[in-house]
Amino acid sequence: MIEDFEMWARATQWGEFGRSSQWVWATTESLHFVGLSLLIGTVGLFDLRLMGMAKSIPVAALHRLIPLGIAGYAVNLFTGSLFLCAYPDQYLYNRAFQFKMAFMVLAGLNILAFYSAGFRQAKTVGPGEDASLQIRLIAAFSFFLWFGVLTCGRLLTFYRP
Amino acid sequence: MDPFFVWIEESALTTFLRETNSVFVFPAMLVLHAVGMALLVGTHLVVAVRILGLAPLVPLSALKFFVPVGWVGLGVNVFSGVLLLAAYPTKALTNPLFYIKMSLVVIALIVFTKINKSVFCGASEGTGGDTDGGAATLALRDKRMAMLLLILWAATIFAGRFLAYTYTRLTAFN
């Protein structure tokens, strides 16, 4: 199944475009870095607020920045798919990539936990107030996981199969 | 310049950085540089988009509590950046793009400092209220500076990434 995906991805025009020039590659990498700054800038600061930093900001207000983080995530899905389609074997069999995907799945589950279990309560955390312990743990986990994604992403090149 | 490059590249520290085959040495510096970038650019980006009018419900004056997060990122990147430069001085210092990147960083930091002064130190009277720092009280000048800051950091990221593709010499020995 992985081999099928690998063959399919490599044959796409998107992948071909990724292989076409190192300037395409370098530009896409740069956009990937801009996207991660957007994601970590918004989600990371939101997590820090939930953990107790900058408490004078009401949680609901800071949550307004999250769409910007989702935009950064979308930029990175788009740019990341170019890398994957261009050289699928360099990623699918790369331990750093596998860890990166695992971190992303955990981050996704953590987001589900946040919105299903805690968001209604977190939204009401006003200026100067603390979030519940459960919310603070979810936020700390989120912060850790996104930096895990970033770390594994940067290390990809050292774990090429 | 070559004798200077050779002198740095022959030192014990930079030889260790270049030649140690461990993910905890040179790759760790690259990871730190990306982490610092996320903290520094991410924080400045949030401040800038808030000034530009996005998320008007976030009290601008309260965002100043996140400014130190950006400075932590800067510290991490000065540290990791100096070590990356020390490991491969010829690679960076013979590439004109490196000087462009450094100029962009310096200008971005000056622009942020001006924004910081004007938005967080000057205008805000109360701390953390919803009434101060509203979009209406922001001068056009602040918005222009915020826009400039976004462009400068994006350009810095592009310049940094393109360094890996534009160098002509890796070390003084080749």
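Helix α3 of chain A covers residues 22–51, a run of 30 residues. From its first C-alpha to its last, α3(A) reaches 41 Å, close to the 44 Å expected at 1.5 Å a residue. The model described here is predicted.

**The end of α3 in chain A**
- After α3(A) comes A:Gly52.
- The phi of A:Gly52 is positive, near 125°.

**Packing of α3 and α5 in chain B**
- In chain B, helix α3 spans residues 26–51 and helix α5 spans residues 67–87.
- These two helices of chain B pack with their axes 7 Å apart, at an angle of about 150°.
- Because angles over 145 degrees count as roughly antiparallel, α3(B) is roughly antiparallel to α5(B).
- The crossing in which α3(B) passes α5(B) is left-handed.
- The contact of α3(B) with α5(B) is made up of 15 nonpolar and 9 polar residues, with no charged ones.

**Contact of chain B with chain A**
- Chain B gives 31 residues to the contact, and chain A gives 31 residues.
- On the side of chain B that touches chain A, α3 and α8 (140–166) of chain B each supply at least two residues.
- The largest share of that side of chain B comes from α3(B), with 13 residues.
- By residue class, the side of chain B that touches chain A holds 26 nonpolar, 4 polar and 1 charged.

Technical notes:
Residues are numbered from 1 along each chain as its sequence is written. Chains are lettered from A and ligands numbered from 1 in the order in which they are written. This is a predicted model: local features need pLDDT of at least 70, side-chain atom pairs count only at pLDDT 80 or more; totals for chains, interfaces and linings use all residues. Axes are lines fitted to C-alpha atoms, for helices over the stretch in contact, and angles run from 0 to 180 degrees between N-to-C directions. Helices (H or I, at least four residues) and strands (E, at least two) are DSSP runs, numbered from the N terminus. Angles under 35 degrees count as roughly parallel, over 145 as roughly antiparallel, 65 to 115 as roughly perpendicular and the rest as oblique. A crossing is left-handed if the near helix is turned anticlockwise from the far one by less than a right angle, and right-handed if clockwise. Ala, Val, Leu, Ile, Met, Phe, Trp, Tyr, Cys and Pro count as nonpolar, Asp, Glu, Lys and Arg as charged, and the others, Gly among them, as polar. The expected span of a helix is 1.5 Å times one less than its number of residues. Two residues are in contact if their C-beta atoms, placed from the backbone, lie within 7 Å.
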